[in-house]
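Dear colleague,

Please read them with the model open beside you.

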Amino acid sequence: MRTLLFIGHRFPYPPNKGEKIRAWNLLGHLSKSWRIHLGCLVDDASDWEHVPRVRALCADLACFGIDKRRQKLKSLARARPGRPLMLDYYAHAGLQAWVDETLARERMDIVYIYSAAMAPYVIHRARPGMILDMQDIDSEKWTTYAGQSRWPMSRVWAREGRTLLEFERRAAMACERTFFVSKQECDRFAELAPESRDRVTWIENGVDLESFSPVHAFDTPYDGAGPHVVFTGNMDYWPNADAAIWFAREAMPLLRRRVANARFHVVGANPGPDVTALATLPGVHVTGRVPDVRPYLAHAAVSVAPLRIARGIQNKVLEGMAMALPVVASPQAFEGVRAEAGRDLLVGDGAEALARLSAEVIEGKHPGLGAQGRQAVERGYAWSRTFERLDGFLEESLVRPDAGRAA
């Protein structure tokens, strides 16, 4: 059996956020035909209980715990000109030692680098078969943050975006292939890094069509009558928190003028004080971490994805559509999703448009929307399609003698 080293910036289970959903499904598929040596960082103490489940997929598993606050301080303390803070945030001496020892002991057919932040662990070694799964262009995210922040953080984020892009370009040229989560992200990176144009491609996310399905029966998690509008996502992720706050304060008052009993539920772990405070607004509820988001989707009238900052493909959009739940998304959340706006989901720009479209769904003006959304993800987002494309690129990497030459 062929051997693969997988280096990740987060523990891949539970699959409750975008990068973990992708990692968990990739590892499950790869484990069927590869001996996987998985090294990763653990930044959530609750993840440790899932180690046995992940270990069952691996020939070797090495996990290293990090403290988010300590890593932030360390990255600031080590700041130097031209170096992105993110690289030192995800640097860990124990993981580096394990990677070095594993590569010295084992012959790896593929080294799978999961996120640009993990590239420093291996790209100093010019070797065949290095794959970088960048998913999104993180540097663009920081640049966007800079445009929406006040000084001095605007300057910090602008520096991070600039320096990280330079590193992403070097990492892409040191690897045989770099994957993005959508064609749009891939094309954008090719514009930013034209020297890597022939090395970049896309491997889309999928959705678990059996788990996220309208056939399941769930007890309602809601107290009281609806209609219920739901937004899901980890609330310690700035774009999600920003979207929840903005929709609750700007769109919900407009929606409640048309649908007086509408209730907005922010469903996701780790809400900060600004998100938690939304529960004081009329018709707004903040759940915090929940064991399963599917009951909230199953008993909602509409799922909203009002993101103003977004990259790649939003899993929350795919999961809502897979549940045959009408989805109303911002243009940013819709970008990268292969579906037809107006038929498979609704897309609106601004608070007034999102409130109006949500009200129309509640009022029954789009009766076939949920079923069309389900059909769209069945056609385009089964994980099996993703894995076929992935396997093709991995097989290609195994036979190319010039793969992975450092730039």
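The side chains of Asp100 and Arg125 form a salt bridge, with 3.1 Å from N to O (a salt bridge being a side-chain nitrogen of Lys or Arg within 4 Å of a carboxyl oxygen of Asp or Glu). Because Asp100 belongs to helix H5 (residues 93–105) and Arg125 to the loop between strand E4 (110–114) and strand E5 (130–135), the pair ties together parts that are 25 residues apart in sequence; helices (H or I, at least four residues) and strands (E, at least two) are DSSP runs, numbered from the N terminus. Asp100 is partly exposed at 26% relative accessible area, and Arg125 is partly exposed at 28%, where buried means under 20% relative accessible area, exposed over 50%, and partly exposed in between (1.4 Å probe, protein chains only).

Please keep in mind that this is a predicted model, in which local features need pLDDT of at least 70 and side-chain atom pairs count only at pLDDT 80 or more, while totals for chains, interfaces and linings use all residues. Residues are numbered from 1 along each chain as its sequence is written, and side-chain values use heavy atoms, with hydrogens and water left out.

A second salt bridge joins Asp109 and Arg107 at 2.4 Å, N to O; here Asp109 is buried, at 18%, whereas Arg107 is exposed, at 64%.

Glu195 and Arg169 also meet in a salt bridge, at 2.8 Å from N to O. This pair links distant parts of the chain, 26 residues apart, with Glu195 in the loop between helix H8 (183–192) and strand E7 (200–202) and Arg169 in helix H7 (residues 153–174).

Finally, Arg35, Asp60, Glu101, Arg105 and Glu106 are linked in a network of salt bridges, and the search of the whole structure finds 31 salt bridges.
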